[in-house]
Structure formats: C-alpha cells, structure tokens
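Keep the structure open while reading.

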Amino acid sequence: MNKFISWIKLHKLEFAIITLILVVAAFLRLYKIDQYLTFLGDEGRDVLIVKALLERGDVILIGPPTSIGNMYLGPLYYYLMALPLFVTGFNPVGPAIMVAVLGILTVWLVYFVGKQFFKTNVGLIAASLYAVSPVNIFYSRSSWNPNPMPFFALLTFYSLWMAFEKKKPVWLLLTGISLAFALQMHYLGTLLLPIVGLVWLIGFLINKKELNSKKLLLFSSLGIIIFLTLMSPLVFFDLRHGFINYNAFKKFFFERQTTLNINPLNSLIRIIPIFTKFFADFFTLKKEGLGQIVLAVVLIGWVLKSLNKLKRRNYSFAYLIISVWFFAGILGMSLYKQTIYVHYFGFVNPAGFLLVGLVLAFFYNRHFLFKPVIFIIVLGLIVFNLTDHPFKYPPNRQLYRTREISKEVIAAANGQEYNFALIAKNNYDAAYQYYLELYDFKPQPLDDKHPSTLQLFVVCEDPVCEPVGHPKQEISHFGWSKIDKAWDFNGVKLFKLIPNPSGKPS
C-alpha cells in the first residue's frame, strides 16, 4: 500500500489520467445496465442452464452452441456466470455486471500492458481509445459468451511476456488458464493456438541463453496440462454423445468448402477489407473511409518503426508479440469465407488498440511538431467516439418487459396448469421460460409426449399476429383452439387460447 501511495505521489498526472479513463469506462459500461442490456432467448437459455447448476448441481460439460451445426463451445462461460447470478439472487443483471467489470478491467489491462511492454503514453493512448470505443462499450453491457474474450486474450499474451521477458516461467500456468477461457468464449479463438505457439517459440529463441530450460519445460508442460484439463469437459461430452462436437469441428475445418478458404490468393484479397473493417468498427464509428485512413497511418507507422528496430537490431519481444498477434490474427480471419461480424475480432481486439497506441506514440516522439498533431488526433477520436455513446438512445428494457410479461401470464393462469408459446421473428421463449421457472410456476411441456392443458398463453412480439392455427410447434401441438382473451401489455400482445375441438370459429 505504501508503495502504491509513493507511486501516486511521483506520478500524479499519470494517476489522474488513468483514473479518469477508468471512471469514464465504468460509467459507460455500468450506467443503467439493467435497462439497456440484451435479454432475449440466448440470454434466457444461459441463465436457465446456470440456474440448474446452482439449484440442482447439474454439471455442465458444454457451453453455448455456435452458429456451426452441432459445434459447442466449452462450459467455462457458464461457470463464470454462476457466482454473479447467485450473489444477485438469480437476477440476470448479475452476469451482465460481471461482463461490464471484465470490460473495465480490460481497459486497465490495456493501459498496464501498454506501459509494461512499451511506454506509459502507449498504454494511456490505447486505454483511452479502448474505453470510449462504442463497440467495446456495447459488448461490455450484456451477458454473452464472446464478450469477455479480449480480457482473456490479452492476459494470455501478457503472461507469455512475463514468462520469457521477465524470466518467470511460472506465468505459463496463467497462459494455460487464460488461453482455455479465451478459446471457450468463441470458436474463432482457435486461431490463438498457432499464434500462442509461435510467440512461445519466438520467446524461446530470443531468450534461450538466459532461460532455465528445465523450469521452462516444466511450466510449459504444466500450462498445457491445465489447458487440456479446462478443455476436458468437451471431451467427456463427446465420449457420451458419439463425438458430435469433434465431427462438427472436423467438418468445419477440413470438409466445408463454403467456410474456410485455403487459397492464398483469395485470402490475401480479403486481408485489406478485414483490416479496414477492424479500424472502422472500433475507431471510426464504422465510417469506412476514416477507417482506411487509420489503417494507412497504422501501417506506415508500423513499417517505419519496424525498419527502425531492424536498423538498431533492437528485437523487442513485446513488439514482436503485438505484431505477430495482430497481423497473424487478421491473416487467420482472412481464411474464413463467411461474413465476419465485429465480435469475431475479440481474440485480436486488444492487440489492435495497443498497436494504434504504439504507432501514435512513435509519431509523437519523432519530432516536436508532431506532438500537437497526435494530441489532437487522439482527443478527436475520443470525442468522435463519445458522440455515439449508448445513452443517446432510449433503453430497450428487455429484461423488465420479459419479467413483467411473465408475471402477467402467471396471474392470468389463475393457479391452473397452462402451456406457453412465443411468436417472434427474432427471438425464442427461453427468456420468458426463465422467469416463469424463477417464479415457480413453469408452463407444462407441449410436445408429442405431453398432453395439452386447458389453456395456452401466447406472447406475440411481431406487429401482426394470428395465433390460432399458427404453425409454431408449441401452438400446433395444443390442437384446435380459439381465442378466449386478447390484450396488450408492455408493448406486446397477449393471447389466451382454449381448446376448440370442433375447429369451428366461435
């Protein structure tokens, strides 16, 4: 504590700036999070699974399904959700707050890593831009498995740096842990595997004369064992379910001609658009022209700095980490032929911000005339990004609406058994099912194995809705029906259907 106080006294301006950055980051990620967070079918599914873990001890072996058929992520995100969901009394806001806190920690870690790897101004520039990036803010305000990936990816490479640069191989244990977490947040995290392996090799080659080989081998092996242990639930799941995940993984990487592109020329053609998309999405509010300018500045600065390092034979391990991580990551993404969504960049996201901070700091230090220009650029990017802050739009209140509609359904059921269905073009019923279960009045299943009750409640989120005769399974299995009651509640339509054996309009 005394050391920290002494550091503050010696670095008052730096402390004031990083404190301001973190306060702004916290405000943008936590303010009214309960009103703005996303709470739809996927989020409802996740809290239902974690609720079962907490209440019944149901062991979770797989995580959320991916967009690839029969391919599942690992379960670590669900275990991350467990404590905040429990502490908040099974309020889905709890896991969202956890994600926001990890987002704030990522801002701090970007600053800390930038400072440790390079200089203080690199860390401050990168962290300030990271803190106000609308994309980073948006994905820090809801509970969704890809959202914490930047934190764990950055922790992975920082621990590698500590292991080799600071000659502390014990940090490789953290590498194994954080890499497993990163991979289980999104399947594109698998691109980290070859990058981490390459960085490990570079670190070994640069530092082999000064490293204790036995310790390095020991902790590398232990790190791999920890990594495999954390990934093992997927193996156990596959052993019990005919290797469906393994087969889907194999099909995705080796059989699907529409998913991966192994033609080097086609991949090279895709690299520049992916670079442009990254800088446009994270730095310039998706303005492609401005994104191209940022890309050009970054590439020019990176080339000049690289040439400068070659000239001086200053092979900085930190510089190699950031360069390999970012450029190899984008190269790997160029192999993916499908649409690249912004959250796919999670595994490489912090590297891009650190690279921007590094390049801007490089120009800042080149000549005194550059200093005001770089200051204006950084301040301009911050102000520009803050114009798209999340609070300029009214809150969606999805969680509150789902909760209140669920209460309304329970009240209308009047203590009698009931069935439930949701009609929505872009949603499914898991979020409603969560609250109906949480309030201990679950609807009865409605399928071939369970007879229907005498009342079916239908929530309709679409503008036009005709529940009678709707092809949705939960409605069709109810059988011939008619509308007993219809009313509007919290912006949606509610219907109570009852049996109509004759099928004739009433």
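## Nonpolar surface patch

Y315 sits in the loop between α15 and α16 (317-333). This is a predicted model. Y315 belongs to a nonpolar surface patch of about 660 Å². Helix α15 (residues 288-312) supplies the largest share of the patch, 5 residues.

## Largest pocket

The largest pocket holds about 610 Å³ of space. Its lining counts 22 residues. Nearest the centre of the pocket lie I17, L124, S128, F375 and V378. Four elements are listed as giving two or more residues to this lining: α2 (12-30), α7 (120-132), α17 (349-366) and α18 (370-386).

## Cavities

How many cavities of 30 Å³ or more does a search of the whole structure find? The search finds 2. The largest cavity has about 180 Å³ of space. It is lined by 19 residues, and N136, Y139, N147, P150 and N349 are the closest to its centre. Two or more lining residues come from each of α6 (93-117), α8 (134-138) and α9 (149-165). Helix α6 gives the most, with 4 residues. By class, the lining of the largest cavity has 11 nonpolar, 8 polar and no charged residues.

The second largest cavity has about 50 Å³ of space. Its lining is made by L37, T38, F39, E43, V47, P92, A96 and S143. That lining divides into 5 nonpolar, 2 polar and 1 charged.

How values were computed
Residues numbered from 1 in each chain as written. Predicted model: local features only at pLDDT ≥ 70, side-chain atom pairs only at ≥ 80, totals over all residues. Heavy atoms only, no water. Patch = residues over 30% accessible without salt bridge, like charges linked within 9 Å, V, L, I, M, F, W, Y side chains within 5 Å. Areas by Shrake-Rupley, 256 points an atom, 1.4 Å probe, with all protein chains shown as cover. Salt bridge = Lys/Arg side-chain N within 4 Å of Asp/Glu carboxyl O. 1 Å grid on protein atoms, 1.4 Å probe; cavity = no way out; pocket = protein on both sides within 12 Å on 5 of 7 lines; lining within 4 Å. Points joined across faces, edges and corners; volume = space filled by probe spheres on them. Nonpolar A, V, L, I, M, F, W, Y, C, P; charged D, E, K, R; others polar.
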